[in-house]
Structure formats: C-alpha cells, structure tokens
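Biologist: I would like to learn how to read a protein model, one feature at a time. Could you walk me through one?

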Amino acid sequence: MALQKGFRSLSIFKNHFRRISTSYLSPKLEGLSKDPSDITVEEYKTRRKNLIKLCLDSEPWRTSRNLLLCVPAAPPAYYSDQILYPFRQNTDFNYLCGYPKPNCVLILFTESGKEENFKSILFVPQPFEHQRIWDGEFEGEDSIARSTGVDEVKFTKDIASFLSTFVTDNSKFSLWYNYQKAVNPDFHKSVMADFLRQGKYKKLESCDLFVQSLRVVKSPGEIALIRKSMEITEAAFAAVDHMIDEWQSKRSKNSPLFEYEIQAVMEYVCQLNGGRLAYIPVIAGGNRGTTIHYVQNNHKIDPRELLLIDAGCEYKGYTTDITRVLNFSNLTYEQKVIIGLVQLVQEACIQMCTPQYSLNDIYRRMITIIGEYLQVMGFLDLKLEGKQFDRGADRFCPHHVGHYLGMDLHDTPLVSKEKKLQPGTLLTIEPGLYLRPEYIPENLSLFKGIAVRLEENILVTEKDPINLSEKVSPREKSFLARDADECMIDEKAQRIIAKLISNTGIK
Ligand SMILES: [Mn+2]
C-alpha cells in the first residue's frame with residue numbers, strides 16, 4: 001500500500017516539476033535585482049538611540065533621567081519533542097539589533113549624569129560543551145558585537161547579577177519592560193518576575209508603543225528590502241500564472257489542479273530566492289473565498305469559478321501581502337460586476353493613502369461606497385442608515401480596508417489606525433466583497449458564492465502614494481485585462497459607482 005502511494009506521489013512530483021521547470025521560470029528569476037544590503041550597524045545604532053530619546057522625552061519633568069530598558073528575543077518554538085519550527089525572532093528585538101538567535105536579551109540603560117550616552121548590552125546564551133556538534137560553532141562575543149553594534153556582549157546567566165549591580169548604582173530609574181506580554185516566558189519567570197517583585201524601580205512601563213512608532217516609518221534601507229521581497233512575490237505570482245496557463249492548455253478531466261499545488265509553487269519560488277512564504281497563503285476556489293481565513297488549500301480548482309490567492313513573501317525580515325483573483329473561463333456578468341466594484345473601491349482608497357488621511361478614514365470611505373452600491377444593487381435595504389448601514393455593509397466586507405505592513409504582516413498593531421498616515425509608512429489596501437449565500441436574496445442568486453479581494457501594498461510619501469505591488473500579477477496578465485472589455489462592469493453600473501465615489505468627495 002505504502003509503495004503504491006509512493007509511486008503515485010512520485011508521478012505527481014514529476015508532473016509538478018514538469019510544470020514549473022520549463023523556461024518561463026528561470027528568466028524571471030535571473031531577472032531579479034541584486035541583493036540589497038542588509039540593514040547597517042549604523043542603522044541599528046540609530047534605532048536604539050531614537051528609542052532612548054522617545055523614552056526620555058516622554059517624561060521631561062523627571063529629575064532622574066535614568067532608565068533601564070529590556071527587550072527579550074523570542075524563545076524557540078517546538079513542533080513536537082525537540083523538533084523545532086523555523087525560528088522567528090521577536091520583531092522588536094530584531095528591529096533593535098538584528099541578532100537572529102533565540103533566548104537572548106537586549107538591555108539598554110543610562111547611568112547617572114550620562115543620560116545622553118546610553119549603553120547597550122546584548123546577553124546571549126552561553127554555549128554548553130559540545131553544543132557546536134548540534135548547533136554549529138558559537139559566533140563569539142566580538143563578532144556579535146560587531147554585527148549588532150552593541151557596546152558589550154555577555155552571557156544570559158549573568159543578567160541577574162547585572163541587574164542587582166545596576167540597582168545598587170542607580171537609586172532612581174524607570175524600568176521599560178512589557179511584563180504583561182512576556183515575549184520570553186522562561187526569561188520572565190527565571191529573572192524578571194523576581195526583579196519586578198523587588199520593586200526597586202520608580203516607574204514601570206512598556207516601550208512597545210515607542211518601538212512600533214519608530215517601526216511604522218520605513219527607512220530607505222528597509223524600503224529596498226521590501227522592494228526585493230516584492231520582486232520575489234512577483235516571481236511567485238508569475239510562476240503561478242504560467243502554471244495555470246500550462247494547465248489550461250493541457251486541461252483534461254484526468255488532470256485536476258489542486259489549490260495546494262499553487263501554494264507549493266509559490267513556496268518554491270520564495271525559497272529559491274532566499275525568502276519564505278510570509279504566512280500560510282489563502283488559495284481559495286469559488287465559494288471557499290468567502291471564508292476569509294481559508295487556509296486548507298486542499299480542493300480541486302473548478303475552472304468555472306474564481307480563484308482567490310492571498311500570499312506574500314518574507315525576505316530578510318520584510319514582508320509583502322498581496323491578493324489577486326484569477327479566472328479560467330469567461331467571466332459571468334455577476335463576477336464582472338463584483339470585480340469591477342472592488343476595483344473601483346480600491347482605486348478610490350489608494351488615492352487616499354496620503355498624510356491627510358488615517359487607515360480608519362479610508363476604511364469608513366470603503367464601507368460607505370460598498371454599502372451604497374449594495375443598496376443600489378438590492379443586496380441591502382435602501383432604508384438602512386447609520387449603524388445599521390455599517391453593519392449591513394460589514395456583512396459583505398467583514399474586515400478592515402488594510403493594515404500597516406513591514407517586518408510583521410500586521411505590522412505595528414499598537415499604532416492607532418486613527419493616526420494620520422506618515423510619509424514612509426507602508427500599508428495594505430485590500431477591499432473585498434464576499435457574497436456568502438445566506439446573505440443573498442433569491443432574485444440575485446447568481447451572485448451567491450462570489451468572493452473578490454484585491455490587495456495592494458502602498459507606500460505613503462509626501463506626495464502621491466506609490467503602489468509597490470503594481471507589477472505583481474499585473475492586470476494585463478490576470479483576468480482583469482486578459483480581456484479588458486469583458487471585465488468592465490456595464491455602463492449604467494459604472495455611472496452609479498462613479499457617482500457614489502464622487503459623493504464621497506474623493507478627487
Ligand atoms: Mn493583508
């Protein structure tokens with residue numbers, strides 16, 4: 001039985017490679033730009049300096065300006081006994097020093113009379129004897145200090161004694177440590193819980209909001225890495241386009257295409273280029289797209305249905321997050337109407353990605369346009385107003401218009417979505433419409449099960465927003481422009497939408 005199964009999967013494997021090893025893949029990959037430089041040591045130093053400044057400036061009236069700031073690295077995560085998941089560093093720790101190993105602790109502190117000259121110590125686990133046999137050679141303290149730019153590298157076993165000396169030397173200090181959300185529970189239990197119990201600090205606060213308020217504005221070095229991550233995403237979507245073309249040209253009843261095959265190709269292209277998928281992608285055919293977090297990806301693709309792909313790449317800690325909708329046969333009128341609407345909403349929302357607006361401003365605009373259109377179409381009662389109107393529209397688009405993007409997929413969640421966008425901020429704009437059958441009146445039953453989300457990654461500037469993802473599965477190649485006229489919604493509907501958009505005051 002096992003052998004037979006083995007043979008079966010071998011043939012799938014071959015078939016799969018035939019699909020992706022043809023000429024279309026390699027030129028695309030060779031065309032990728034040179035690897036941008038990593039974040040420099042100088043930039044890590046600047047980030048730490050900016051953070052200290054924010055903490056000190058938050059209490060200008062204090063007589064004592066001493067502080068002790070503690071940011072732990074993530075612990076390793078286990079899949080099962082001793083078997084590791086791929087390691088992912090605590091993002092704030094990564095942002096502040098870039099050191100990629102688990103169970104470290106970064107401490108920044110100022111001492112009496114030398115507030116402007118803060119010091120940084122990176123505590124790393126001391127390698128036990130023979131560890132190199134399991135984990136490779138220990139890098140060495142000097143090398144770690146050079147690559148992170150910290151003043152000193154010590155071993156984590158010495159943190160407790162460092163803390164007690166600090167307390168003796170500095171009677172008044174504020175402690176910056178997020179004890180409510182201990183990033184590293186073992187470190188919290190073994191060191192910090194006791195230190196907190198002693199209560200020697202004058203004030204206890206978390207610096208998470210300050211770190212995130214720095215992270216939300218991207219530096220040129222970060223934008224270069226994001227662009228590279230985007231190029232890989234572009235290559236991954238292009239490989240999918242080609243795989244689908246090939247599948248369609250040779251389509252037969254005996255050769256189904258499964259959603260996970262698309263996931264596999266994207267994973268392959270990301271890894272081949274030094275990245276990885278940033279999250280489990282959503283590869284959802286037809287009605288499954290109305291389940292926002294559908295990640296099973298185990299169904300056959302029905303060429304009569306739309307296919308929603310939400311996927312992104314993480315490259316050197318920087319993430320992209322893209323959604324496209326593909327079709328395999330002529331679109332139905334209903335599909336065209338929904339796609340056309342989402343496209344127009346998206347264009348209107350992207351125009352708002354400027355320092356005049358906040359994410360929530362854009363969200364409210366999206367809900368207004370979607371709701372009014374759904375009323376015109378007969379999906380929502382024309383009499384709905386206020387909260388009921390919002391609730392009605394929310395059924396068809398139950399998520400926000402977007403989120404900040406960067407090192408994390410849902411980046412800097414502590415930065416309010418009411419805050420006006422700042423130049424250098426990266427965000428997603430991802431309006432969607434999900435026509436779950438239970439919300440669709442019978443006279444509109446042909447709309448049942450249609451799911452469309454279009455997601456772009458937008459960089460806010462002083463002037464016009466920049467769409468970093470416009471080359472990802474560009475519209476010429478995806479359904480929207482395979483046949484441009486085909487895809488436009490009819491003139492009357494277009495006029496209605498144009499009017500609705502102009503009513504919202506967007507130019
Ligand atoms: Mn997203």
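Predicted model: local features only at pLDDT ≥ 70, side-chain atom pairs only at ≥ 80, totals over all residues.

Modeller: We will go from the whole chain to sheets, helices and a few single residues.

Biologist: What does the secondary structure of the protein come to?

Modeller: There are 17 helices and 19 strands. The protein has 507 residues, of which 39% count as buried. If you take contacts between residues at least 6 apart in sequence, 75% of them join residues at least 24 apart.

Biologist: Now the sheets, please. In what order do the six strands of the open sheet lie?

Modeller: First the general idea: strands of a sheet pair through backbone hydrogen bonds, either parallel or antiparallel. In this structure, the six-stranded open sheet has the order 6-5-4-1-7-8, and its pairing is mixed. Strand 6 (152-155) and strand 8 (203-205) are at the edges with a single partner strand each, so one side of each has no neighbour in the sheet. On average, neighbouring strands here are turned by 20° against each other, ignoring direction.

Biologist: How many bridges join strand 7 to strand 8?

Modeller: Three bridges connect strand 7 (residues 174-176) with strand 8, and the two run parallel. To find one of these pairs in the viewer, look for Leu 175, whose bridge partner in strand 8 is Leu 204.

Biologist: Which order do the strands of the three-stranded open sheet take?

Modeller: That order is 9-12-13, with antiparallel pairing. Strand 9 (276-277) and strand 13 are the edge strands, each pairing on one side only. Two bridges hold the antiparallel pair of strand 9 and strand 12. Leu 277 has Cys 313 of strand 12 as its bridge partner. Helix 10 (residues 220-249) lies across strand 12 and strand 13, running at about 140° to strand 12.

Biologist: And strand 10: which residues lie on each of its faces?

Modeller: In strand 10 (residues 282-285), Val 282 and Ala 284 are on one side, while Ile 283 and Gly 285 are on the other. All four are buried, so both faces are covered. Four bridges join strand 10 to strand 11 (residues 307-311), and these strands run antiparallel. Gly 285 has Leu 307 in strand 11 as its bridge partner.

Biologist: How do I read a helix? What should helix 11 span?

Modeller: An α-helix has 3.6 residues a turn, so residues three or four places apart point the same way. Helix 11 (residues 259-272) has 14 residues, which at 1.5 Å a residue should span 20 Å; its end C-alpha atoms are 20 Å apart, so the two agree. Its buried residues include Ile 262, Val 265, Met 266 and Val 269. After the helix comes Gly 274, with a positive phi near 85°.

Biologist: Which way does phi go for Lys 316, positive or negative?

Modeller: Lys 316 has a positive phi near 45°, although this residue is not a glycine. Lys 316 sits in the loop between strand 12 (313-315) and strand 13 (318-319). It counts as partly exposed because it has 17 C-beta neighbours inside 10 Å. Thr 412, also not a glycine, has a positive phi of about 40°. Thr 412 is in the loop between helix 14 (386-396) and strand 15 (426-429). With 24 other C-beta atoms within 10 Å, Thr 412 is buried.

Note on methods. Residues numbered from 1 in each chain as written. Pairing = 2+ DSSP bridges. Axes fitted to C-alpha atoms, helices over the stretch in contact; angles between N-to-C directions. Buried ≥ 20, exposed ≤ 12 C-beta atoms within 10 Å, placed from the backbone. Contact = placed C-beta atoms within 7 Å. Expected span 1.5 Å × (residues − 1).
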